[in-house]
Amino acid sequence: MLKLVRRSDNHLFKVLAVFGFFVALCVDFFRGFEYVILQADGRNDYVTQAEEMLRGWSYMLSNPNPLGHGIGFSFLIALTFLISNSTSFVIMKILLAICHGTSTYLIARIGFQIGLKKPFWVLASVLYAVDPFILFSVSDITTEPIITLFVLYWAFLFLRVMKGGNLDNLHLLLFSLSGFYSVFARPNSILPFAMIATFILYKWIKARVNKVVLSFSVTIFLSLLIVYEFILTKLYAGFVFLSPAGGYNAEVMCSKV
């Protein structure tokens, strides 16, 4: 049964979210907002791809091979560069801090929903917020904070329906959008997301979630995935499934290079 959230608990959830956000900002302050882990050759795959994207579509068509990783995260970095009119990571680091704060909030909500007593879900949320391994990636330029947020969000949605709660149309839409972006940013997340989506959709159908909105949500995911595949096909002059980085894709790419 869905537990009702009291006003005091709801206020505490928000306090924990703000706490997680500021913890991430403090770590960024001490490590440096422009800090990023580089490879041995002095490059960062995602940042390098973002810089290449800013050179335009024609440049990407002429030089597709450097874009070997999922381009969704690099696209987000490139957007922050455009907004700031620089190559500063400040906006990106703030976005990742927001992800960390939201994840801290979701940890508390999930703990509350599965029936933990208040001291325990508060402790779980605080420990997550200050975990050095998690903060290590949050203070770098990596996909982990975003993907972690999505996984926690999916768990929250699943529990909400399992406990008899209702989902509004916005949550159904956000589920498909977050699923697509997880694949857009990390192509290897397609299999775990497909498995999670299968369980969640099955549960939602049994719970009699609005079938029209549910179908619309699935259609959005598939449509965005098709558009992404079309862009990759144009970019590499041949079919590439999600990313050209290794595996069978290396054999089927049609580009002469």
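**Reading a helix face and a charged pair**

Guide: The face of α6 turned away from its buried side carries the exposed residues Pro119 and Phe120. This is a predicted model, in which local features need pLDDT of at least 70, side-chain atom pairs count only at pLDDT 80 or more, and totals for chains, interfaces and linings use all residues. Residues are numbered from 1 along each chain as its sequence is written, and side-chain values use heavy atoms, with hydrogens and water left out.

Visitor: Which residues of α6 are buried?

Guide: Buried means under 20% relative accessible area, exposed over 50%, and partly exposed in between (1.4 Å probe, protein chains only). In α6, Trp121, Ser125, Tyr128 and Ala129 are buried. They cover an arc of only 100 degrees around the axis, which puts them on the same side of α6; the arc is taken from the directions from the helix axis to the C-beta atoms.

Visitor: Against which helices do the buried residues of α6 pack?

Guide: Contact means heavy atoms within 4.5 Å. The partners are α1 (7-31), α5 (90-113), α7 (132-138) and α8 (144-162). Helices here are DSSP runs (H or I, at least four residues), numbered from the N terminus.

Visitor: Which side chains meet in a salt bridge?

Guide: Side chains of opposite charge can pair when their charged atoms come close. The criterion is a side-chain nitrogen of Lys or Arg within 4 Å of a carboxyl oxygen of Asp or Glu. Here arginine 186 and glutamate 144 meet at 3.5 Å, N to O. The pair links distant parts of the chain, 42 residues apart.

How values were computed. Helices (H or I, at least four residues) and strands (E, at least two) are DSSP runs, numbered from the N terminus.
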